[in-house]
Amino acid sequence: MDSLSQIVLGASVQGTILGKYQGRKAYLYGAILGTLPDLDVLISYPDPISDMTYHRSFSHSLFVLSALGIVGAWLISRYHHWRDMPLPYSTRRLALAMTLVLTTHPILDSFTVYGTQLFWPLQDPLQITPISIASVFIIDPLYILPLLIAVIVGIIKGCKLAVFKAGLLVNCQRIAVWMLLLSSSYLLLGLGLKCHAQSQAKQTLAAAKVNTTRLKTMPVLPTILMWRTVAEDDQNRLIELRGSVLDSRLPEYRYLTQYDNAQTLRANIPAQSKPYAQRLDWFSGNWTGYRVQMLPAASTTSDATEQLVVDDLRMMAGDTAFFSFVLADKANTNAQWQAITPIDAPVIAVDNEPTLSRFELIQQGFARVFDESIVSGDGWKVVE
């Protein structure tokens, strides 16, 4: 999830457990601690595939973070004892707070489609694909809002809310509890809507007489109303489906024809590029697509005119993948692919048509949420 989500989640968790004792400081400490796992982005790797696939690894491990929370609480407790400044709460309570603040960060991340290695270092050796529940978008204002309210109230009012004299909302700690329950309920709603969207996608494929071997459903906007499904048929062709939970009909679908030669391209990757391809295949659960991209003459000073590109199919807007990498290139159609250190794939305009920005694509997506009649070209079909 985005940094703001992790900040308010960590602050709310610590406010729930230690707000009674630490007051507004509990929200500040929780906010700082809640962002700690994402500091792995400061580690620089030599290529973008490594940057992507080593993010959310050791720093998001439940084993590592649990140990860090317990050891950190013990050290803080010993420090206060040494300074003859005993804590007003037990070391056990502090360890519980620190461990939950740290571990809820990767658990929340696992609800997105990106992939989180909750069980590092066992994940890679056991060939366990990073956890990718894919039931909430990486930025969701409706998830953030209740937690943000809890944090703002906690920081402003500290421990007590003078406006409330009795009842459930007598202090900020209880507000944090209720807001955590509300945001967690939203995550459960996302799981339910994902199951519904996946069922609708399967009905579309059955009506279109498409025999699929696997599929994956995920939200595509900062909302859980619009869903996208990627499927593979028994001939290794890739199909994309999209639909809103507000639709009165089944989702539309189209074949991703740019990946029709993906199996052949995958087999012809140079040996030096295969470790990168295998790493990305593992990270994405084999939801990758391989294609050839022609370079305009003015876009390069080298002899390369074609690029072998791999796309992460789980995160796309239109035909543009959010994570797209060049593994090899060659001078002409008859030449052999030459391995290169992976780079981010450039977006090439087709037939000089303007390329829509991600913001424009998201705008189009929002319009589609509320209007099922918007079925543009690009091969989209609606089953009868």
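Okay, let's start with confidence. The model is predicted. Across the protein chain, pLDDT averages 89. A score of at least 70 is reached by 91% of the residues. Where is confidence highest, and where is it lowest? The top is helix α5, residues 91-109, at a mean of 96.

Next, please find D281. You'll see D281 in helix α9, which spans residues 274-284. Is D281 buried or exposed? Its relative accessibility is 9%, so D281 counts as buried, the cut-off being under 20%. What does D281 touch, leaving out residues up to four places away in sequence? The answer is R266, N286, T288 and Y290. With R266 there is a polar contact, side chain to side chain, at 2.9 Å. Now look at T129. T129 and D281 are 152 residues apart along the chain. Yet their C-alpha atoms are separated by 9.3 Å.

Last stop, the surface. There is a nonpolar patch of about 740 Å². Its members are I43, F58, F63, V64, F119, W120, L122, L126 and I128. Take L122 from that group. L122 sits in the loop between α5 and α6, where α6 covers 141-157. Its relative accessible area is 44%, so L122 is partly exposed.

That's the tour. Thanks, everyone.

Technical notes:
Residues are numbered from 1 along each chain as its sequence is written. This is a predicted model: local features need pLDDT of at least 70, side-chain atom pairs count only at pLDDT 80 or more; totals for chains, interfaces and linings use all residues. Side-chain values use heavy atoms; hydrogens and water are left out. Helices (H or I, at least four residues) and strands (E, at least two) are DSSP runs, numbered from the N terminus. Buried means under 20% relative accessible area, exposed over 50%, partly exposed in between (1.4 Å probe, protein chains only). Contact means heavy atoms within 4.5 Å. A polar contact is a pair of N or O atoms within 3.5 Å; within protein, one must be able to donate a hydrogen and the other to accept it, and residues adjacent in sequence count only if both atoms are side-chain atoms. pLDDT is the predictor's confidence in each residue, from 0 to 100. Patches are made of residues with over 30% relative accessible area and no salt bridge: like charges are joined within 9 Å, nonpolar side chains (Val, Leu, Ile, Met, Phe, Trp, Tyr) within 5 Å. Accessible areas come from the Shrake-Rupley method with a 1.4 Å probe; for residues, only the protein chains shown count as cover. A salt bridge is a side-chain nitrogen of Lys or Arg within 4 Å of a carboxyl oxygen of Asp or Glu.
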